[in-house]
Amino acid sequence: MIILSIKTDQEISEAGLFNRGNKLEYVKWQAHRELSSTIHKKIEGILKSQNISWNNIQGVVFFEGPGSFTGLRIGASVANALASDLDIPIVQTAGSKWIENGIKQLANNPENRLAVPKYGSSIHITKPRK
């Protein structure tokens with residue numbers, strides 16, 4: 001089972017590709033304010049490095065947070081869009097073993113279809129300036 005992992009809760013973002021729990025490729029990059037324009041390129045790069053197409057992905061593991069509001073929102077949007085478009089399961093996890101736990105969850109419950117970020121606190125939105 002080819003699984004894509006996505007972690008976008010901090011300035012350093014991460015994406016990985018796994019086959020039955022074995023790491024095939026994993027990248028970390030300084031995404032910060034460029035996450036929305038770099039995440040697809042990074043995922044595409046790890047797929048190409050392993051000669052795997054988008055359609056070969058069979059599940060997505062998303063790091064749910066807590067963390068950056070915008071980073072988690074972008075990561076969840078990408079993860080959910082891929083899961084929906086490819087009609088594959090998605091799980092959200094947290095903690096130091098988030099990938100391992102996510103892979104186990106996918107094996108045990110392949111029907112999950114939506115990941116929702118957990119920001120860790122209430123969202124603070126500033127009022128627009130006049």
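N51 sits in the loop between α1 and β4. In this predicted model, N51 has a positive phi of about 55°, although N51 is not a glycine. D87 also has a positive phi of about 55° and is not a glycine either.

**Positive phi in loops**
- N51 has a relative accessible area of 72%. The cut-off for exposed is over 50%, so N51 counts as exposed.
- D87 lies in the loop between α2 and β5, the latter spanning residues 90-93.
- D87 is exposed too, because its relative accessibility is 57%.

**Cis peptide bond**
- G65 and P66 are joined by a cis peptide bond, with omega at about 10°.
- P66 belongs to the loop between β4 (59-63) and α2.

**Packing of α1 and α2**
- Helix α1 covers residues 35-49 and helix α2 covers residues 69-86.
- Their axes come within 10 Å and cross at roughly 40°. That angle makes α1 oblique to α2.
- The crossing of the two helices is right-handed.
- On the α1 side, the contact is made by L35, S36, I39, H40 and I43. On the α2 side, G71, I74, V78 and L82 make the contact.
- By class, the contact has six nonpolar residues and three polar ones. No charged residues take part in this contact of α1 with α2.

Key. Residues are numbered from 1 along each chain as its sequence is written. This is a predicted model: local features need pLDDT of at least 70, side-chain atom pairs count only at pLDDT 80 or more; totals for chains, interfaces and linings use all residues. Side-chain values use heavy atoms; hydrogens and water are left out. Axes are lines fitted to C-alpha atoms, for helices over the stretch in contact, and angles run from 0 to 180 degrees between N-to-C directions. Helices (H or I, at least four residues) and strands (E, at least two) are DSSP runs, numbered from the N terminus. Angles under 35 degrees count as roughly parallel, over 145 as roughly antiparallel, 65 to 115 as roughly perpendicular and the rest as oblique. A crossing is left-handed if the near helix is turned anticlockwise from the far one by less than a right angle, and right-handed if clockwise. Contact means heavy atoms within 4.5 Å. Ala, Val, Leu, Ile, Met, Phe, Trp, Tyr, Cys and Pro count as nonpolar, Asp, Glu, Lys and Arg as charged, and the others, Gly among them, as polar. Buried means under 20% relative accessible area, exposed over 50%, partly exposed in between (1.4 Å probe, protein chains only).
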